[in-house]
Amino acid sequence: MEDIADRLLRLKENLPSDVRLVAVSKTQPVERILEAYKAGQRIFGENKAQELLTKAPLLPSDIEWHFIGHLQTNKVKTVVPFAKMIHSIDSMRLLEEVAKEANRTARTIECLLQFHIAEEETKYGLSLEEAKDICSHDKFRKHPFLVLAGVMGMATLTENPMQISQEFSLLKDFFIELKRLYFSDNQHFKEISMGMSDDYLLAIAEGSTLIRLGSALFGYRNP
Ligand SMILES: *Cc1c(COP(=O)(O)O)cnc(C)c1O
């Protein structure tokens with residue numbers, strides 16, 4: 001059976017040089033995360049505050065932790081000490097809380113604005129109007145410890161590649177619009193986090209800069 005190191009090597013061989021891989025390690029034990037680490041992977045993604053808090057201290061300190069799941073404001077305190085990037089900013093209130101904690105702990109946190117691009121009702125995310133409202137505030141754009149670094153989205157779970165590509169293309173349009181309006185002279189706003197194990201090739205074709213892969217790397221996980 002192919003192991004994590006083999007899968008990682010094969011995945012990386014085929015990635016364009018401007019696309020970074022977030023290894024989604026949710027539900028994976030530290031031993032399996034270490035396997036990927038030893039094979040050279042440094043960016044890992046977790047989606048639960050408590051799980052990040054439990055695992056991060058047991059793993060090498062040069063791992064770059066990305067928080068990718070829905071984040072409740074009362075969990076921000078748990079996540080900020082570990083996360084380099086939070087992909088899932090889905091309200092102004094959440095961003096305000098992250099800004100406050102980043103300030104208090106003097107840690108620079110990169111944040112992505114999560115958009116609702118899928119047709120499913122249940123997925124979290126901002127509308128373009130809400131994102132514009134956030135970006136129009138200097139207190140976020142010019143915050144000493146907060147970096148607005150780009151956008152994130154999840155496509156609909158569907159067999160229809162046309163629909164998935166259209167949703168990714170929409171996210172790219174949102175990115176371009178925000179870049180033009182608020183970040184034309186800001187080189188930090190540059191990330192488009194889109195693409196998971198089943199749709200990352202479509203995401204790369206539409207301009208993804210960060211793909212988030214779990215099962216393609218670690219195999220199927222217990223839900
Ligand atoms: C679990 C998860 C992923 C990875 O999913 P796979 O299909 O296993 O690649 C990516 N992004 C988010 C937000 C997730 O929760």
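Author: Here is a chat about charged pairs, strands and cysteines in this structure.

Reader: What kind of model is this?

Author: This is a predicted model, where local features need pLDDT of at least 70, side-chain atom pairs count only at pLDDT 80 or more, and totals for chains, interfaces and linings use all residues. Residues are numbered from 1 along each chain as its sequence is written, and side-chain values use heavy atoms, with hydrogens and water left out.

Reader: Which residue does Lys 139 pair with?

Author: Its salt bridge partner is Glu 96, and the closest N and O atoms are 2.8 Å apart. Lys 139 sits in helix H7 (residues 138-141) and Glu 96 in helix H5 (residues 92-105), so this pair ties together parts that are 43 residues apart in sequence. Helices (H or I, at least four residues) and strands (E, at least two) are DSSP runs, numbered from the N terminus.

Reader: Which residues end up in a network?

Author: Salt bridges with shared partners link Arg 20, Glu 64, Lys 84, Glu 110, Lys 190 and Glu 191 into one network.

Reader: And what about Glu 129, who does it meet?

Author: Glu 129 meets Lys 132 in a salt bridge of 3.9 Å, N to O. They are three residues apart in helix H6 (residues 128-135), so about one helical turn separates them. Glu 129 is exposed at 54% relative accessibility, whereas Lys 132 is buried at 18%.

Reader: What's the story with Asp 90, and where is it?

Author: Asp 90 is in the loop between strand E4 (83-89) and H5. Asp 90 is buried yet has no salt bridge, and the nearest side chain of opposite charge, Arg 93, is 8.9 Å away. For charges, Lys and Arg count as positive and Asp and Glu as negative, while His and the chain ends are not counted.

Reader: So which side chain does Asp 90 make a polar contact with?

Author: That of His 70, at 3.0 Å. A polar contact is a pair of N or O atoms within 3.5 Å; within protein, one must be able to donate a hydrogen and the other to accept it, and residues adjacent in sequence count only if both atoms are side-chain atoms.

Reader: Which strands does E1 pair with?

Author: One is strand E8 (residues 210-213), which pairs with E1 in the parallel sense over four bridges. There, Val 22 stands opposite Arg 212. Another is strand E2 (residues 43-46), which runs parallel to E1 and is joined to it by two bridges. In that pairing Ala 23 faces Phe 44, standing opposite it. To count as a pair, two strands need at least two bridges found by DSSP.

Reader: What do E1, H2 and E2 make together?

Author: E1, helix H2 (residues 30-38) and E2 make a right-handed β-α-β unit. A crossover is right-handed if, with the strands pointing away from the viewer, the path from the first strand over the helix to the second runs clockwise.

Reader: Last topic: how many disulfides are there?

Author: Zero disulfides are found in the structure. The cut-off is a pair of cysteine sulfur atoms within 2.5 Å.

Reader: Why don't Cys 135 and Cys 111 bond?

Author: Because the sulfur of Cys 135 is 11 Å from the closest cysteine sulfur, in Cys 111, which is too far for a bond. Cys 111 is buried at 0% relative accessible area, and Cys 135 is buried at 0% too.

Technical notes: A salt bridge is a side-chain nitrogen of Lys or Arg within 4 Å of a carboxyl oxygen of Asp or Glu. Buried means under 20% relative accessible area, exposed over 50%, partly exposed in between (1.4 Å probe, protein chains only).
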